[in-house]
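This note comments on backbone details of the structure shown below. Kindly read each point with the structure in view.

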Amino acid sequence: ILSRCLAAGAANVLFQNLDTDSISCLPLVDFSDAMYAARELSKLGYEYRPGASGKRSDWVLRQTGDPEKGFQWKDQSNYDQLGDAVLSYVQLQLTGLCNLLPLPLPATPAEATSAVYASSNFKDHAGPLLLLICGSAPGGAAGVWGRSLCINSSLEEGAMFDYIFRAEALGWSVVVANPNVNEVNGTPITGSESPHRHLHTLWKTYLEPAAASRVLVVAHSYGAPNVVHLLKAEPSARERISAIAFTDGGAFPPGSLLQEAVPSSEDVEQGRAAEGQRK
């Protein structure tokens, strides 16, 4: 949904007067978008319902005609449509359920803009800051560890909600990266032309100036080499990141995790094609 708004140029209107000193004034969620996401799921015959655990992060995908039944395979096109609807639904819940704020990247008005998500107090919060980084598309996205888990298992497993709520309970602030949105309608996003550059821009724009005592990182799949590149490129990242967890972290061949370089656009597309065959 956010990508749809960005493509229409709405992001510049929303973000052009952003003042991070008064960031709490930014609206949390457009409920018409939330209804659109739910409606897209419903058109495909699905809805999210509370999971058996009763936890805020536990939601399961069920058929609207039979709440006892989950996902049923039809064909790849239907699966891709459902995957897009699920990603939109989850990203809207980053604001609606998790109360994170969308922040523009780049922070200044630009022809093409993406968004990252953060706790409202992340800038001045003096405690730990948890940075969450997904893997490559189409399986990974901001707020999503794996779309197949969101579809076949639950949002408890496939989305980042549980990490966000646990960090919140510990008194930490949270920032969610969005490394796979690199262009809008063919226009590259300045500073986010690749996942590596996105993370570097995110660090310089929002994380480096933040008051956090230390930064803790969880990076999944291709998020791992993005973090390695950040550590090689930014001395301040090496100084302030005090713990890193890689979940199934790895680089696309022929690269390796510790020798990762910023990929070409061709490398990114080949990697996404390979990832799409797996997810």
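1. P106 lies in the loop that links strand 3 (101–105) to strand 4 (114–118); helices (H or I, at least four residues) and strands (E, at least two) are DSSP runs, numbered from the N terminus. The peptide bond from L105 to P106 is cis, and its omega is near 0°.

2. The model is predicted: local features need pLDDT of at least 70, side-chain atom pairs count only at pLDDT 80 or more, and totals for chains, interfaces and linings use all residues. Residues are numbered from 1 along each chain as its sequence is written, and side-chain values use heavy atoms, with hydrogens and water left out.

3. The average pLDDT (the predictor's confidence in each residue, from 0 to 100) is 84 for the protein, and 78% of the residues score at least 70. Over residues 1–32, pLDDT stays under 50. For these residues the model has 53 contacts (heavy atoms within 4.5 Å) beyond four places in sequence.

4. P138 belongs to the loop between strand 5 (129–133) and helix 5 (147–152). Most peptide bonds are trans.

5. N185, in the loop between strand 7 (183–184) and strand 8 (187–188), is not a glycine but has a positive phi, near 50°.

6. S221 sits in the loop between strand 9 (215–220) and helix 9 (223–233). With 12% relative accessibility, S221 counts as buried, the term for under 20%.

Terms used:
Buried < 20%, exposed > 50% of the residue type's maximum accessible area, 1.4 Å probe, protein only.
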